[in-house]
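Here's a quick look at one protein model, taken a piece at a time. Have the viewer open as you read.

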Amino acid sequence: MTVRVKVCGTTSVHDAVLSAQAGADALGFIFAPVSKRLVTPQVAREAGLNVGPVVARVGVFLGQGLDEVLRTAEAARVSAVQLHGPLPGLYVRQVAAYYPVLRVVRPADLAAEAGMWRDEPGVTLMLDAPEPGGGVPLDWAALRDVFPRGAWLAGGLGPANVAAAMQALSPAGVDAVSRLEASPGVKDPALVREFVRAARSS
Ligand SMILES: O=C(O)c1ccccc1NCC(=O)[C@H](O)[C@H](O)COP(=O)(O)O
């Protein structure tokens, strides 16, 4: 199966084009105010208009109300929504009625959420470290027996370790931000290209 590659924390049209040209399948736009990679819906929308018809644009949210999520996603014209933090199942289902959802969980919550979303095609699990965007890898060996089929993997991935992560867990998609940056919110073109290349050739 071809792994999907998502480059997160896109804050400019320039970086969106750079990631798309490097071969990313999806770009993440973070709308959570706590992030040092915060982007406006207007910039995300403009970026989406510059990456062609195929690249997915994922709006990323953490601890925000349902109305805010849906309004922001619409303003940014994203094609999918990524939800972090503890959330009621009903909230996730309400978002999934409008957008494909990447539901982000930490290892401690994996068992409960994997059961909840197993038969929901509109919700895809993504396993990430407890601090999103923190650049800290998960313990892949500890997850080997429980990593759900079809789930995505994030947490401290970069050009140097993405192949090993894929070999350990065979995720359907990989996602990264910290290890692809020159500074917070600004991509390093070589690291982005190398990350996509390493994921594709694994
Ligand atoms: O990256 C952030 O600043 C962030 C803040 C709040 C919510 C989500 C955030 N990032 C979401 C992502 O999808 C990251 O790519 C993912 O957590 C992996 O980050 P990293 O470990 O830095 O590669």
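## The annotated domain

UniProt, in an unreviewed entry, places the feature "domain: N-(5'phosphoribosyl) anthranilate isomerase (PRAI)" at residues 5-197; such annotations may be inferred rather than shown by experiment. The span 5-197 is 34% helix and 21% strand, and its end C-alpha atoms lie 10 Å apart. Helices (H or I, at least four residues) and strands (E, at least two) are DSSP runs, numbered from the N terminus.

This is a predicted model: local features need pLDDT of at least 70, side-chain atom pairs count only at pLDDT 80 or more, and totals for chains, interfaces and linings use all residues. Residues are numbered from 1 along each chain as its sequence is written.

## Around the ligand

The ligand has 27 residues around it, with Cys-8, Ser-35, Pro-132, Gly-133 and Ser-178 the closest (a residue is near if its C-beta atom, placed from the backbone, lies within 6 Å). Strands β2 (26-30), β3 (56-62) and β8 (173-176) each give two or more residues to this shell.

## Two helices side by side

Helix α2 (residues 41-48) packs on helix α3 (residues 66-76) at about 40 degrees, with the axes 7 Å apart. Axes are lines fitted to C-alpha atoms over the stretch in contact, and angles run from 0 to 180 degrees between N-to-C directions. That makes α2 oblique to α3, since angles under 35 degrees count as roughly parallel, over 145 as roughly antiparallel, 65 to 115 as roughly perpendicular and the rest as oblique.

Pro-41, Ala-44 and Arg-45 of α2 make the contact with Thr-72, Ala-75 and Ala-76 of α3 (C-beta atoms, placed from the backbone, within 7 Å).

Technical notes:
Contact = placed C-beta atoms within 7 Å.
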